[in-house]
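Hi everyone, thanks for making time this morning. I'd like to walk you through a model, going from the whole chain down to single residues and back out again.

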Amino acid sequence: MSKFLNLLFATCLLTTPVLAEGLGRIATPDEVAAWDIDIRPDGLGLPEGSGTVIEGEGIFEEQCAACHGDFGEGVDRWPPLAGGFDTLTSERPQKTIGSFWPYLSTVWDYINRAMPFGNAQSLTANEVYALTAYLMYLNEIVDDEDFELSKQNFTELPLGNEQNFYPDDRDTTEYPLFTVACMIECKDSVEITHYASGKDVTPE
Amino acid sequence: MTNKSGPSRRQFLTTSLAAGGGMAATIAQAGDPAITEVQPWAQHLGEGVDQAGYGMPSPHEAHVLRKSVPWLTAEETSSINFTPLHQLDGIITPNGLAFERHHSGVAEIDPAEYRLMINGLVDRPMVFTMEDLMRFPRHNKVYFLECTANSGMEWRGPQLNGVQFTHGMLHNVMYTGVMLKDILAEAGVKTEGKWLLAEGADAAGLSRSIPMEKALDDCMIAFKMNGEALRPEQGYPARLVLPGWEGNMWIKWIRRLEVGDQPWHHREETARYTDLLASGDSRRFTWMMDAKSVITTPSPQAPILHGKGPTVITGIAWSGQGIIPRVDVTLDGGINWHKARVDGPSLDKSLHRFYFEFDWDGKPLLLQSRAHDTTGYVQPTKDALRKIRGVVSNYHNNGIQTWAVNSDGEVDNVEIS
């Protein structure tokens, strides 16, 4: 190695941050189990357990209906969870579990991690299965009140809208269109078409 | 002034002199009491040091506040407020004015109890304390964070009359933190590990799937903003930083990173933060924040109060794809455009500050700004976006904003033909 390369190599060593090896500690299996609560559409992460529509109805009335309504219709500005079928192409789409959500696993995962609002991670696995089953019933995915959802049958009843999602395609559908910037005499005239004033929706 | 339709430098100076002369004439007899009378601050002792261990802005700035739009959300713990963009200048957002978005309120975490776990498809599941994080090599980067729903209320037409509310789900601070790739290297990502689940410690357990390519590129775990500890509402003691990507993914109070071979399709990347199109189909994983700009003054909350004459238009521009080499401004609703002057640091995936100085003749104006980014992308009109997406997307509205200024200098949020 020439002196120059030696110097270069030494300089690299001096200016590249030394990786901090050996920091942190190994997580114990109990610690990982306590925090690793997520599940996926293929069912990975689901714990053993089960719950029926009827069981879910009781829990829902007690713990969920105050915000989401008895039938998942939503109270005030809280989100509706059911209904809205065939509204996605309408003027006012109603995006619910039944009309919009692509995966049932999202329902289970979200209830389990974040609900009931203000008392998260308080439900048992069986209660989360039961609530998910009840939401399937409210969204007409099952019609039997005795239907029992479990780890074993979880992936057998998919939601309806999955096939209508596709990955971001702006790089082909939008970016090629947005490259022109006219500077002079870009249009003949300009009219104001809409005003925010008078709508009375802006806070003080 | 080099702009074809702008005033010449001579005109600008002449007008300035004339305006100054006029002012002098009106107060010639008595003189300006701000000068002729001894002011209390010039006579008496002021407060000494240590009146406030943590200093606050002048009482005269007490009106400069984050504000929310109460009708937007059911209640405050799952809500958002807005940065007062019309009252700020430069590129840095002060920490106390950076907008807040919480899904289950602010997690108040004792840093001594803070833990970051890495598990999943790794050689060694790991736990790190704050002390551990501080021992990785640190980096300083200025990045914008924009909520995906910024300007989302404007899809059906102008709604909110203030740039704070139309564009204020946005802040730009300098983060100090460590590279995500350095932390992941400690655990050893297995070759089949293509995705990362990032999860917060708050009562929403907010979780997002991140492609490993991004995680190993420029992402950080940050613990400082603008030199001081993260504010609790911004994720104290540590948050994820995903430069250029939608704000929802910048998990606050970050507690866990799980490596997997597929995305998780959690609530914030399916039911929310997906883009419903007029066709009924939806785009998902729309992570990139496209180039955008807005004039911050004048704007509805910051009218022109000085009348005609020398006038400063200023605004901000940003892009998730890089820097902003150019911003154009129009005074006439887009018939003719002028290149604005970008002033201050031009940093990758950071806000840029632009100015356009002109001699206002007191006639109505239709103001717009248009950002260009390093990829050649030019900020589109709202109608161009609607033509492709419809009006129910909620998210990613980076269309050109129009402010109508009337002859009194009052400003309205409008749309034009």
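**A walk through chain B**

Let's begin with burial: of the 417 residues in chain B, 49% are buried. Please keep in mind that this is a predicted model. As for its make-up, chain B has eight helices and 24 strands. Its C-alpha trace spans about 80 × 60 × 40 Å along the principal axes. How does the radius of gyration of chain B sit against that of a compact globule? For 417 residues the globule would come out near 22 Å, and chain B has 24 Å, so the two agree. Contacts tell us about the fold too: among those in chain B with a separation of 6 or more, 71% join residues 24 or more positions apart.

Now for the domains. Chain B is divided into domain 1, residues 67–282, and domain 2, residues 292–414. Their C-alpha centres lie 27 Å apart. Where they meet, domain 1 of chain B puts in 32 residues and domain 2 of chain B puts in 33. On the domain 1 side, strand 6, helix 5 and strand 14 (275–276) of chain B each supply at least two residues. Which of these gives the most? That would be helix 5 of chain B, with four residues. Sorted by class, the domain 1 side has 16 nonpolar, twelve polar and four charged residues.

Let me zoom in on one residue, Glu154(B). You'll find Glu154(B) in the loop between strand 6 (138–146) and helix 5 (163–167) of chain B. Is Glu154(B) buried or exposed? Glu154(B) has 22 other C-beta atoms within 10 Å, so it counts as buried. Leaving aside residues up to four places away in sequence, Glu154(B) touches Gln159(B), Thr166(B) and Asn397(B). Asn397(B) is the one I'd point out on the screen: it is 243 residues from Glu154(B) in sequence, yet their C-alpha atoms are 8.0 Å apart in space.

Next, a strand. Strand 8 of chain B covers residues 195–200, and six of its six residues are buried. Trp195(B), Leu197(B) and Glu199(B) point one way, while Leu196(B), Ala198(B) and Gly200(B) point the other way, and all are buried. What does strand 8 of chain B pair with? It runs antiparallel to strand 9 (residues 207–211) of chain B, joined by five bridges. It also pairs in the antiparallel sense with strand 13 (residues 254–260) of chain B, over six bridges. Strands 8 and 9 of chain B form a hairpin with six residues between the strands, where Gly205(B) takes a positive phi near 50°.

Finally, let's bring in the other chain. Here 64 residues of chain A are in contact with 75 residues of chain B. On the chain A side, the largest share comes from helix 5 of chain A, with six residues. By class, that side has 36 nonpolar, eleven polar and 17 charged residues. If you want a spot to look for, Tyr195(A) stands opposite Val414(B) in strand 24 of chain B.

Methods
Residues numbered from 1 in each chain as written. Chains lettered and ligands numbered in written order. Predicted model: local features only at pLDDT ≥ 70, side-chain atom pairs only at ≥ 80, totals over all residues. Buried ≥ 20, exposed ≤ 12 C-beta atoms within 10 Å, placed from the backbone. Contact = placed C-beta atoms within 7 Å. Pairing = 2+ DSSP bridges. Rg over C-alpha atoms; globule rule 2.2 N^0.38 Å. Nonpolar A, V, L, I, M, F, W, Y, C, P; charged D, E, K, R; others polar. Domains from an automatic or database assignment.
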